Amino acid sequence: MNDYSKNTCLIAKTFAGLEKVLAEEIRSIGGMDVKVFQRAVEFTGNKTLLYKANYLCRSALRIIKPIAVFKAENEEILYQEVKKISWEDYLDLKSTFSIDGITSYSNITHSKYLALKSKDAIVDRFREKTGKRPSVEKDDPDLRINVRIFKNNCTISLDSSGESLHKRGYRQGTGPAPLNEVLAAGMILLTGWKGDTNFIDPMCGSGTLPIEAAMIATNIPSGYYFKQFAFERWKDFDPELWQEIKSQAESEKKETTIQIIGSDWSGRILQVARTNVSAAGLENQIKLMPEFVRDVEAPPAPGILVTNPPYGERIKPDDINKLYKEIGDTFKQKFNGYSAWVISSHMDAIKHIGLRPSGKHKLYNGPLECRYVGFDMYEGTKKEASSKYSKSNAEARWRENKRKNESQKDNTKNMTRKAPEYRRRRS
């Protein structure tokens, strides 16, 4: 059997735009040889790191472990190469498995056929060795296998997560167009917030952003509420190591004194948020209020605001521009000293916020391409801050010009004194 205590290649999947955030998380738990790809981060680590990546990485959707890479220019090569793998290291006859096939730009063009051919190779290997075969179970298998072919290059991987890691386990209900938990956590991490200043979401919906913020502030692992990871059913699962990792994470949880606030105009949706907050056990960390965005009172600065206002087909063009202008006016009037971040797929509406962005990222909320835009709210208005900046610059320029003028006067005086001597020499 393979020695999984040794370092091996691992891949963490994420949303487009969150790759660098995830790479930093991987490094922070000990990942080595970290490489960023589109919607994925490759790294080197051992079994401990595999467990930690699933349990601790907030911006990861799934952690997979490649076990074979080969050229598969046709179905027969695919069959033979898959059959060569020592599947008895990962499965026994009582185990169940499923195969997820993905193919693109390859001679094998159908994903379902790819999965079927791979399944045949696995069961035929067992039949030849034992006369029996393990069973396929699509919904709740003991081993999830990924077969991906891209430009005839095939990678066979084991899915160590099972359910997508965005399914934290605390969400009991949702409002319209809920924010994915991994996207929410990634948005917060993109701001650089460390849980050390006040946090508010004035349009919190079912509460995902405040909950993810509270988990960051109190150091609750992203996988804390997860029922079971796929690796817990692997043949080489180490329960003692797993318990050690969870115990270490438990010891690093902490109390927080910052304010974390969520508000929404809909009492019905806010009740869903309360249910979710309660399921996460964060009633003491999160305060929920039934208020319109314009009525929200900001906790003392410094602080951060992160929100997911309505956009897309949920709201008419005239209404959305009016709403975003109201959001911008509220920022200016009530959130001095804050860093405010807004995600939206409505690019024109963002302009109606009426503030110059200090940061901008391209993210995807489901199929919608969005801009995640940050605004630094100065003490006073931006115009006043700009005026102060311009005034200080003007004073600096005045002092510099004065120094130059005085220098020029001194030079003129010196030349005047030397002029008679120069005329005598000329004569």
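These legends walk through close-up views of a predicted model.

Residues are counted from 1 along each chain in the order its sequence is written, and side-chain values rest on heavy atoms, with hydrogens and water left out. As this is a predicted model, local features need pLDDT of at least 70 and side-chain atom pairs pLDDT 80 or more, while totals for chains, interfaces and linings use all residues.

**View 1**
Helix H7 covers residues 239-251. (Helices are DSSP runs of H or I with at least four residues, strands are runs of E with at least two, and both are numbered from the N terminus.) Its 13 residues reach 18 Å from the first C-alpha to the last, close to the expected 18 Å; that expectation is 1.5 Å times one less than the number of residues. Leu241, Trp242, Ile245 and Ala249 are the buried residues of H7, where buried means under 20% relative accessible area, exposed over 50% and partly exposed in between, using a 1.4 Å probe and protein chains only. Seen down the axis of H7, these buried residues fall within an arc of 105°, so they line one face of the helix; the arc is taken from the directions from the helix axis to the C-beta atoms. They pack against helix H2 (47-56), with contact meaning heavy atoms within 4.5 Å. On the other side of H7, look for the exposed Glu240, Glu244 and Ser251. At the start of the helix, a side-chain oxygen of Asp238 comes to within 3.2 Å of the backbone nitrogen of Glu240.

**View 1. Helix H6, enclosed by its surroundings.**
In helix H6 (residues 208-218), 11 of the 11 residues are buried, so the helix is largely enclosed by the rest of the structure. The cover over these residues includes helix H5 (181-190), helix H8 (267-279), and strands E9 (198-201), E10 (260-263), E11 (286-289) and E12 (303-307). Asn219 follows H6 and has a positive phi, near 65°.

**View 2. Lys83 and its partners.**
Lys83 counts as buried because its relative accessibility is 15%. Apart from neighbours within four places in sequence, Lys83 is in contact with Ala121, Asp124, Arg125 and Glu128. The side chains of Lys83 and Glu128 make a polar contact at 2.5 Å. (A polar contact is a pair of N or O atoms within 3.5 Å; within protein, one must be able to donate a hydrogen and the other to accept it, and residues adjacent in sequence count only if both atoms are side-chain atoms.) Between Lys83 and Arg125, the C-alpha atoms are 6.0 Å apart, although 42 residues separate the two in sequence.

Lys151 has a positive phi of about 55° although it is not a glycine. Asn152, also a residue other than glycine, has a positive phi near 70°. Lys151 counts as partly exposed at 48% relative accessibility, whereas Asn152, at 14%, counts as buried.

Finally, find Pro302 in the loop between E11 and E12. The peptide bond leading from Ala301 to Pro302 is cis, with omega near 0°.
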